[in-house]
Amino acid sequence: MLTTPILFQQVAFDAAFDQIILFNVIGGNQVVSNRLIVKDNDTLVTVYDQTQVSFRFEHTIPAGTLTNCGNYVMQVQTFDSLANASALSNSVQFYCFTSPTMTFTNIP
């Protein structure tokens with residue numbers, strides 16, 4: 001039996017770079033893969049739905065998958081070695097923004 005995963009809060013990040021999403025699982029069968037579902041928070045259209053094989057409680061969103069200035073909501077689901085699926089985790093809202101750049105001018 002798989003327990004429902006707990007998705008951690010996510011700070012805003014730049015969609016131009018890979019982003020690791022962390023979650024936790026307490027008890028239950030050994031997790032061998034996980035599925036991350038990301039939806040546009042305004043339209044609820046699914047923009048990312050991928051499964052990654054890993055014993056680690058993390059999922060990497062590849063660079064360029066999402067769009068900066070976007071408002072999203074995500075959930076994670078885990079699977080054991082017999083392909084049994086857990087319930088979907090809690091929903092977490094997050095944003096993607098372009099990384100700020102700083103320039104210094106007029107320095108003597």
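Strands E4, E3, E6 and E7 form, in that order, an open four-stranded sheet with antiparallel pairing in this predicted model. Strands are DSSP runs of E with at least two residues, numbered from the N terminus, and two of them count as paired if DSSP finds at least two bridges between them. Because E4 (46–53) and E7 (92–96) stand at the edges with a single partner strand each, one side of each has no neighbour in the sheet. From one strand to the next the twist averages 25°, taken between lines fitted to C-alpha atoms, with angles from 0 to 180 degrees between N-to-C directions.

Two of the pairings are listed below.

| Strands | Bridges | Residue pair |
|---|---|---|
| E3 and E4 | seven bridges | Asn34 and Gln52 |
| E6 and E7 | five bridges | Met74 and Val92 |

E3 and E4 form a hairpin with five residues between them, and Leu44 in its turn has a positive phi of about 60°.

The largest nonpolar core has 19 residues, and Met74 and Phe94 are among those with the most contacts inside it. Such a core joins buried Ala, Val, Leu, Ile, Met, Phe, Trp, Tyr and Cys residues through side-chain atoms within 4.5 Å, where buried means under 20% relative accessible area (1.4 Å probe, protein chains only). E2 (19–24), E3 (33–40), E6 and E7 each give two or more residues to this core. Leaving out residues up to four places away in sequence, Met74 touches, among others, Leu36, Val38 and Phe94 (heavy atoms within 4.5 Å).

Residues are numbered from 1 along each chain as its sequence is written, and side-chain values use heavy atoms, without hydrogens and water. Local features need pLDDT of at least 70 and side-chain atom pairs count only at pLDDT 80 or more, while totals for chains, interfaces and linings use all residues.

Conventions
Buried < 20%, exposed > 50% of the residue type's maximum accessible area, 1.4 Å probe, protein only.
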